[in-house]
Amino acid sequence: MKTVTICGSMKFEKEMQRIAFLLETKHNLNVLQCVYNADNMEVSETERGFLEKAHFRKIELSDAIYVVDIQGYIGDQVSKEIEFAKSKGKEIMLHSEYGIASGGLNV
């Protein structure tokens, strides 16, 4: 079983949660997810730094990253995550490509 870290813009938060569920239940992947701020709590710059550090650590622990690039959108932070993953030799799985190839995973 491959371990992947899901990466994507928080504007796709609901989609990422759904995709993570499908990846684990239908595609035999172990998904490390980002932390969702469902209650819209205020987050300081220091706390943002902690979240970023934790997310990059998840990427280090993964075999690959799964990039949720709905309508081709990849923001600045996700671009940094992709570059970091590449620097660590991780596989980059794009939802726009994987979703089509996997029999209707697209959201």
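Colleague: What makes β1 and β2 paired strands, and how many bridges join them?

Modeller: Strand β1 (residues 2-8) and β2 run parallel and are joined by 4 bridges, and since two strands pair if DSSP finds at least two bridges between them, the word applies here; strands themselves are DSSP runs of E with at least two residues, and helices are runs of H or I with at least four, numbered from the N terminus. Within this pair, K2 stands opposite L29 and T3 opposite N30. This is a predicted model, in which local features need pLDDT of at least 70, side-chain atom pairs count only at pLDDT 80 or more, and totals for chains, interfaces and linings use all residues. Residues are numbered from 1 along each chain as its sequence is written, and side-chain values use heavy atoms, with hydrogens and water left out.

Colleague: Which strands are the edge strands of the sheet?

Modeller: The open sheet has 4 strands in the order β2-β1-β3-β4, with parallel pairing; β2 (29-32) and β4 (91-94) are called edge strands because each pairs on one side only.

Colleague: What makes β1 mostly covered?

Modeller: Buried means under 20% relative accessible area, with exposed over 50% and partly exposed in between (1.4 Å probe, protein chains only), and 6 of the 7 residues of β1 are buried.

Colleague: Which strands does helix α2 touch?

Modeller: Taking contact as heavy atoms within 4.5 Å, helix α2 (residues 45-61) packs on the sheet and touches β1, β2 and β3 (64-68).

Conventions. Axes are lines fitted to C-alpha atoms, for helices over the stretch in contact, and angles run from 0 to 180 degrees between N-to-C directions.
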